[in-house]
Amino acid sequence: MIFNSGFVAYLCSPKINSMLKKNLLAIWLLALLSPIYMFSQSGPGGVGNTSTNGLWLKVDDLKLLDGEAVSNWQDASGNNNDANQTITGEQPSFINNSSLNNYPSVDFNGVRDWLKVEDADILDGTTAITYFSVFKPKGLYTSNNVHAILGKRLTYSVSANYAYTFFLYNNKLTTDIVNSNNRYTSSASFSNDENYILSFDFDGSNPINSRSSMSRNGSVLLTARENSTSIINSNQPLTIGTMNVDYNRYSKGEMSELIQYNYKLNQAETIIVNNYLSAKYNIVLTASNFYTNDNIANGDFDHRVAGIGQASDGSNHLDSQGSGIVRINTPSALSNGDYLFWGEDKKDPSYNFVTETVNYREQLDSKWRVSKIGNLGTVDVSFDISALDLTAKQSCQPLQLIVDSTSAFSTATTYDLTISGSTATVSGVSFSDGDYFTLGYVDQIVWDGTSYFNGSGIANAPNTTDSCLKLTVKSGAIGVLNEAVYVREVQVELGATLQVNDGVLLEVENGILNDGTIAFVGEAQLIQKHTGTSLNSGSGDLTITQEGSNNLYNYNYWSAPSGA
């Protein structure tokens, strides 16, 4: 006999998905009881923390309209050293899409635009210091030959309260430490409307002839003599776009990032920060350009770049997160010249999960790519999952790190992540140069007309251990069940058929969406276990094919719960 209906449900039990509920409750309690996981290296490129990274002004933190005045530039270092300008008419303006890789910039017009960071202990009074700036000069070769990137001094003529300055003077990069007695200037020339990564550092413990240096785009321009062994504890504010308060000569140019550390970065750390800035702002490094996935040919993975590694002098940096959600640390093998960098493909990620059509995983809509130099062995990888939308995750399958040599992740290696609070972690991950990685989880078993995916049975078909997964038969496909199955729910898409063979039991914890055909053959059975209102829907057909018997004592029962 054949039944034809919009949909029928059979033999309900009062049991709801208790296993799923218990798992969700355990995860919820763990999230409440676990301490917040603090990443130790969350500064630029994954270098530094609140105790060492005293200032981090990055223009993507500004949420302004194009041309709007910049009155407050928030400090991302965690030290609240915001740059401010309360005087109307002296505020630089915001450029929404600049030539710096379409990131915004802060535009100083060269007339009277400047910003001020109030004095803070972390900004001076140290034996060493490092600064980086992403700067685009626009007013060189004019009557104003001084274009200050930053300064922390009272006046030019008074050496007291004179910590440091960093500026372009007559088209030459110039630095003062403590006072102008040992002012040093590079011989390199600069051009208007060209984007630069400019930096300087100082270490009072170095020999007197090599205590300070300045660099452009990763290359050291000059290492210079400096008499001072420390930077004084100045009470003056840090000024940006002018040398000091009331200097009355102002920079003309754009700035997108300004970074300060209260120590001299080692060689490995310097390389990592330069590669982070280079990728983000599309500025080619002239030395140690190790992160290569920031170009068009490699996919433009420009964003939130961070890295670990060991420089040729033996200095290293082993733990990085940066401004992204990925932390990598604990390399199992590390030698001089070994590095691992990673960057993200999206500038403004949404972090939603979508169903990919290769292996039918639920996969994050953002991905990362690595540049690997040398061999660091395996590493530990962590994700801050507080920004991820996991609300649709009904599966009890683990969240996974997915790694592949191709962006389609068609032959991926997967690693199960352990979740504690808002952090998901896995150890012993192996990356190759150029690998892609992302996050995902299995939520459904799929028959696509050729193969089953993600099931625990024969040839990846579902079986009785898949109770937390959905079973989907794709449009136009004919899927056959040859062994007992227990799944969370079933969906038969338009034009598809799910055939349950003779003697096979199909158990469904929740609902069935049928827009195709579900066919039960012989002694096949269906049991749905949800309670309450029917969860079934769709406009498809249900067919039951049985052969009768001329035996007077043989009979069959079919029943449906009320409201089904």
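I take a disulfide to be a pair of cysteine sulfur atoms within 2.5 Å. The model I am reading is a predicted one.

**Entry 1: the disulfide**

I searched for such pairs and found one disulfide in the structure. Cys-396 is joined to Cys-468, with an S to S distance of 2.2 Å. I then looked up the torsion about the S-S bond, which is -60 degrees and makes the link of Cys-396 and Cys-468 left-handed.

Is each cysteine buried or exposed, or partly exposed? Buried requires under 20% relative accessible area. Cys-468, at 2%, therefore counts as buried. Cys-396 has a relative accessible area of 33% and is partly exposed.

**Entry 2: the nonpolar cores**

I listed the largest nonpolar core, which holds 70 residues. The members touching the most others are Trp-73, Tyr-131, Leu-150, Tyr-164, Phe-200, Ile-240 and Leu-277. Helix 2 (residues 267–281) gives the most to this core, with eight residues. Another core lies apart from it and has 30 residues, among them Val-326, Leu-399, Phe-431 and Tyr-441.

**Entry 3: helix 2**

I checked the length of helix 2. Its 15 residues, at 1.5 Å a residue, should span 21 Å, and the end C-alpha atoms are 21 Å apart, so the two agree. How many of its residues are buried? I count 13 of the 15, so helix 2 is largely enclosed by the rest of the structure.

I then examined both ends. At the start of helix 2, a side-chain oxygen of Asn-266 comes to within 3.1 Å of the backbone nitrogen of Ala-268. Just after the helix, Asn-282 takes a positive phi of about 55 degrees.

**Entry 4: positive phi values**

I noted these angles because most residues other than glycine have a negative phi. Asn-282 belongs to the loop between helix 2 and strand 17 (303–310). Arg-304 also has a positive phi, near 50 degrees, and is not a glycine. I placed Arg-304 in strand 17. Its relative accessibility is 16%, so Arg-304 counts as buried.

Note on methods:
Residues numbered from 1 in each chain as written. Predicted model: local features only at pLDDT ≥ 70, side-chain atom pairs only at ≥ 80, totals over all residues. Heavy atoms only, no water. Core = buried A, V, L, I, M, F, W, Y, C linked by side-chain atoms within 4.5 Å. Buried < 20%, exposed > 50% of the residue type's maximum accessible area, 1.4 Å probe, protein only. Helix = DSSP H or I, 4+ residues; strand = E, 2+ residues; numbered from the N terminus. Expected span 1.5 Å × (residues − 1). Polar contact = N/O pair within 3.5 Å; in protein donor to acceptor, adjacent residues only side chain to side chain.
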